[in-house]
Every structure is written in C-alpha cells, then in structure tokens.
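Please consult the sequence and the model alongside each numbered point.

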Amino acid sequence: MIGKMKRAALVGVCVLLAAAMTGCGKKSGPAAELTVVNYGEYLDPDLLEQFEEETGIKVHYEEALTPEEMYTKYKSGAIEYDLVCSADYMMKKLIEEGELVQIDRSKLTYGSNIGDKYWKFSEAFDPGNKYTVPYFWGTLGILYDTTKVHGPVDSWDVLFNGEYAGEIVMQNSVRDSFMVALKYLGYSLNTDNEDEIREAQQLLIAQKPDVQAYLVDEARDEVVAGNATMAIVYSGEAYLGHEYNSDLAYVVPKEGSNVWLDSWGVTKHCDNMDAAMQFLDFLCREDVAMTNFEYIYYSTPNEAVIAALSEEEQADETLVPSDDATVNCEVCTQTDEAVTELMNELWKELKAE
Amino acid sequence: MSKPRELNKRTLVASPYAVWVLAFTVLPLIVILQYAMTDAAGHLTFRHLFEVFSPIHVKAALFSLEIAAGCTVFCILLAYPMVIAMRHLGMKQRGFSLFIIILPMWMNFILRILAWQMILSNNGILNFLLGKIGIGPLQIANTPAAIMIGVVYDYLPYMILPIYTAIMEINEDLIEAAKDLGAGSFTVFRRVIFPLSIPGLLSGIVMVFVPSMTSFVVSDILGGGKLQLIGNVIEQEFTTGNDWHAGSGLSVSLMVFVLIGMAFTSVSKTEGKESVIW
C-alpha cells in the first residue's frame, strides 16, 4: 500500500516535471512560432520584438558560444530548431549531413540586397547557394597597439619571431589558431595533409611560451586595456576595439587569412517554411539590416546598408574589407571528421605543454 | 497501528527529495555512464574509461591534484586563525563577521573571478598599487599562482563554515580546564581545539578539495587558457571537441577517484563525532 502510494506520487511528479520541461520547446497552439539558434549578442533583440509585432510569429531565441557548441546543441535534439545561424564550415557540415532544406531565393523580396560577391563567397561551402543566406562576414587578423610596436605589422611573422614575447593573445579556438599557423607556413587552411597540420602544431607549441593567453571574447579587451600588444581577432571585434582605443590598428597579414561568412539556414525540423522565409526576408530588409549592423558592427553583405554608410565608414577595412585585403584569404570549408579529430588531439597536446 | 501511519507521512514528506534526487542526480548519472561506456556508434566499449591514463590527461589530472591540494592547505591555514579569532568576539560581532564571509557568495561566481582577472592582469589594480611602492610589475595573471588565488578565494568559505560550527560548539569549560592545568594557548589549540574540530575540518576538506579538483572556470579565466586542469579537458571534450563519450569517460573515472578519496575520509569520520556540514 505504502509502496504503491509512493510510486504513484513519484510517477505523478515525474509526469508533471516532464510536461513542464518539454512544454517550452514544443510548438503549441495555432500561432506560428520559430525556434532559432544563433551566436550570443549576434542579433539586436529589439528586432525580434519588431518581427513579432509585424508578423505575429513568436520567436524562441537560443544562443551558442561557438559553432561547435551550436552543433552539439543541435545534435543533442533536446530542442528542435527551425533556423540556425553559424559559420561557413559548420553550415557545410549541416548541408552534408542533410540537416538543412533548400531555400527558394527568388521568394525573398529583399534577397537582392545581398551583393553578388557574398553569394560567391557562399559557393565555397554551399554550391549553387541552395541552402544558406549570408548574414555577416569578415576577416581574421591582428589587432595591435600602434604605440607599442616597433616596425611594421603586416605579416603573421610578428607572432612567431619572438619579438613580442609575452605580449601576444591568441584565439582560444582550435581552428583559428591552426589557421594562423597554416597560413604563415604557406599552406591552405583547409589542408587535410597530416604533415602540414603537425608542422603547424610544432610552430604553435614553439610559440606557446611567448603567448600571454589564449582567449576568445576577451582577446580584444586585453589589447584595449593595454595588457597585451597584439591579439588575433575577427575584423568586427577590431572595429569595436578601435572605438574604445584609437591607438589600435587592424591588419590582415599579407600571407592571407581566413575570410569567414556566417549564414542562416532552415533545418529539416522546420514545419513552417513560410514563417522561416519571412524571418530570413526580414533580416535582409534594408532598415532591419541597418539596425542590426549598428548593433553588431561586423561587415554586412547587405549592399543597401553599405551604400548608406558614410564615406569614412566605407573606407574602414574593419567594416568593409577591401578586395585587396581578402585576395589571399580562404573560406574555411574543412569538415573532414578525421582532420577535425586530429586537430583537436594536437590542440590538447599543445595545451598540455 | 500508529507505526504505518507515521511511515506513510514520512514517505510523503520525503517524496519531493526522492523525485529531485532521481531526476537530477540518478538519471543524469545513468546517462553519463551510458555515454562513457559506448562509442559514437552506440557499441559497448571501455576505451573511454581508461582514457584518463593517456599522458595528456595524466598531466592535467596531476596539475588538478596539485591545485586542489594546495588550495585545501591554504584554506585550512587561513580558516583556523580566522575562526579562532571569531570565537573571541562577542555574539553580535561574531554574527557580523560570519555575514561578511558569506556576503561575496551572494554575487555571481563568474563575476567575482572576472574581477580577480582585472586585479591580477599586467596593467591591473594590483600591479598599479605595487608600482606606487616601487615593486613590480609582477606577472601573476595566466600563471598557476593566479589559479591558486582564484580557487582559494572561491572555496575559503566552505572551509571556514564547517570549522566554525565545530569550534563554536566546544565548551568554554574545556578550554578553561586545560588552561588551569597549565596549558599555553598553543597547547590548548593542539590538544583541545584542533582534535575537537576534526569533524568540521573533514567536511571542509571534502567541500574544498573535490570542487577545486574539478573546476574549470577559474583556470579558464585566470589561467588565460594556457594551463589545463582535468576539468578543462572534460569541458573541451563536451563543447569544442564534440566527443561526449570521451568527456563522460573522463568524468566517470574522475568520479571513481573522488569516491575512493571520500571513502577514506568517511572511515576516519565514523571514528569521531558525526560531522556537520554547516
């Protein structure tokens, strides 16, 4: 009797808990809803409200720190996302795994705002531009304090020649760090040649004593605060760094670098394609893209927004990277499991040194 | 027939606890165990359980052990003088000093560690102050010392509180008696206060050693990503490495080590008085 009651109570509470926990992820009721996942602070929250007001579609907004974290969250299946925004190589991986559905670009009223140049960048990971819509883009380069450097900074060499020992902040990311080393060595950042990757690791291990710290978001702040002389950052971060401290400058080294492109895609879990398309179209609209650009300050592929910028802003390499700066740059399209695993393993070795 | 009724009531009262433990302790543990003993294809394997013995992981685990042991020792050395000083305070001041110790815990832990980052960085507050008196600048940020400061700062209250409870319970008469018999204050501490505080000390050790052994946020922020604790390795397996199986395997083996350690403390605990957590 007692056992039964206990079990009944347990089951009852479990069911309640389960209902409460799944309730928030599932779509319920007639009103359209979308669940999207994006990087943190990568969309002006006011725009989500505006979208809900304009269309009546409720948006559940989820955040992930890195593409890998997004992928882990997505794959765990705890929440079914309708739309994802992530990096080039991660979108490629999702396309290859059949997680994304095709988008009819012609149905986007404002799709033409995205310049041809960027659709072409996209082709590197989404041939034919069937699955993704460009969102923001930029380069990876060196942010440095002009008052503290002696000599020009135009090559990755400054990170490896020991001249700035203890004053360098690297990215705490497997890909970005390997990317720098591979480019410095003159290899493709998409290489799957194990020798080249191991050579890059040796270079990074030799560099480790000179590195002050491996950081992600704080990399920029350390240079702004004067704790470090130079850091590897994304171009958008460099723009904000310059806003805080006008002594800072940003360069895409001459050996070339990574040009990255974050895009939106619709997943196979989406059962309201119409709402998803409205969301994508909304983001491409000039006024929305402008508001969003002013919130994030990464380079926008939206040519209507670029045209509306001041001349000074248009000439700013961190906001609108020129074709000259990106000539030696590559889009990262490395999705090979074995290469990723090798890099992760080598990175762990590097960290353990 | 009052016995079953009583039992009934007790079961009912305990059921929220049972549900909580089941849903948030037992179930997740089973899931972790399942991940640890399977590979990506879902086949049974014990490979991940032994991954902890690879050189990289051993190195990270030893460094964690070093940090955790150092942290525990520093916390003990700091906690005893503080608690003994508090014993000599009046009731009101005692409450206030306890309040001061607990106060920082009301603030988000990550914010406090970020504050330490500001204090310890090259151009930080500490080096600014040291510069004023002609010392430095010291390179503390991104070194093991910074991690040690962070964990000691973070876990000190967990050492103070159980020792405080144990020492406050000691009857003043015992100390008076020892003094009457000619014991100096150090002998009183060594022969009376310390032995009676051991249950509290053991609780403190468990509550400081285990979390500082497995922490990863402090080493991430104050170690600048250059220093790797076993907690960081596990975190990376789950986030960037996307290998939940290896991460779970490492967690399980770590848990086994901690359990073995705990078994030792609980054996010595049962010999003395029952320990008090708070």
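1. In this predicted model, B:Met118, B:Ile119 and B:Leu120 of H4(B) meet B:Ile125, B:Leu126 and B:Asn127 of H5(B). Sorted by class, the contact of H4(B) with H5(B) comprises five nonpolar residues, one polar residue and no charged residues. Helix H4 of chain B spans residues 109–120 and helix H5 of chain B spans residues 125–132; their axes are 4 Å apart and the helices pack at an angle of about 30 degrees. Because angles under 35 degrees count as roughly parallel, H4(B) is described as roughly parallel to H5(B).

2. Chain B contains 11 helices and zero strands, and its pattern along the sequence reads α-α-α-α-α-α-α-α-α-α-α. A box of roughly 80 × 70 × 30 Å, taken along the principal axes, holds the C-alpha atoms of chain B. Of the 278 residues in chain B, 41% are buried. When contacts in chain B between residues at least 6 apart in sequence are considered, 70% of them join residues at least 24 apart.

3. With a relative accessible area of 1%, B:Ser248 is buried. B:Ser248 and B:Tyr35 are 213 residues apart along the chain, yet their C-alpha atoms are separated by 6.0 Å. Once neighbours within four places in sequence are left aside, the contacts of B:Ser248 are B:Ile32, B:Tyr35, B:Ala36 and B:Phe238.

4. For chain A, the domain assignment gives domain 1 (17–137 + 261–314) and domain 2 (138–259 + 328–352). The contact takes 17 residues from domain 1 of chain A and 16 residues from domain 2 of chain A. The C-alpha centres of domain 1 of chain A and domain 2 of chain A lie 28 Å apart.

5. The nonpolar cores deserve a separate point. The largest nonpolar core comprises 116 residues, and A:Leu159, A:Trp264 and A:Phe279 have the most contacts inside it. Domain 1 and domain 2 of chain A each supply at least three residues to this core. Another core, of 42 residues, lies apart from it and includes B:Ile67, B:Ile160, B:Ile167 and B:Leu201. Residues up to four places away in sequence not being counted, A:Leu159 touches A:Ile142, A:Ile168, A:Met170, A:Val180, A:Gln207, A:Met230 and A:Ile232.

6. Apart from neighbours within four places in sequence, A:Glu237 is in contact with A:Arg220 and A:Tyr298.

7. A:Glu41 is not a glycine, but its phi is positive, near 50 degrees. The loop between strand S1 (33–39) and helix H2 (45–55) of chain A contains A:Glu41, and this residue is exposed, with a relative accessible area of 63%. A:Tyr297, also not a glycine, has a positive phi of about 60 degrees. A:Tyr297 sits in the loop between helix H12 (286–296) and helix H13 (303–307) of chain A; its relative accessible area is 19%, and A:Tyr297 is buried.

Methods. Residues are numbered from 1 along each chain as its sequence is written. Chains are lettered from A and ligands numbered from 1 in the order in which they are written. This is a predicted model: local features need pLDDT of at least 70, side-chain atom pairs count only at pLDDT 80 or more; totals for chains, interfaces and linings use all residues. Side-chain values use heavy atoms; hydrogens and water are left out. Axes are lines fitted to C-alpha atoms, for helices over the stretch in contact, and angles run from 0 to 180 degrees between N-to-C directions. Helices (H or I, at least four residues) and strands (E, at least two) are DSSP runs, numbered from the N terminus. Angles under 35 degrees count as roughly parallel, over 145 as roughly antiparallel, 65 to 115 as roughly perpendicular and the rest as oblique. Contact means heavy atoms within 4.5 Å. Ala, Val, Leu, Ile, Met, Phe, Trp, Tyr, Cys and Pro count as nonpolar, Asp, Glu, Lys and Arg as charged, and the others, Gly among them, as polar. A nonpolar core is a set of buried Ala, Val, Leu, Ile, Met, Phe, Trp, Tyr and Cys residues joined through side-chain atoms within 4.5 Å. Buried means under 20% relative accessible area, exposed over 50%, partly exposed in between (1.4 Å probe, protein chains only). Domain bounds come from an automatic or database domain assignment.
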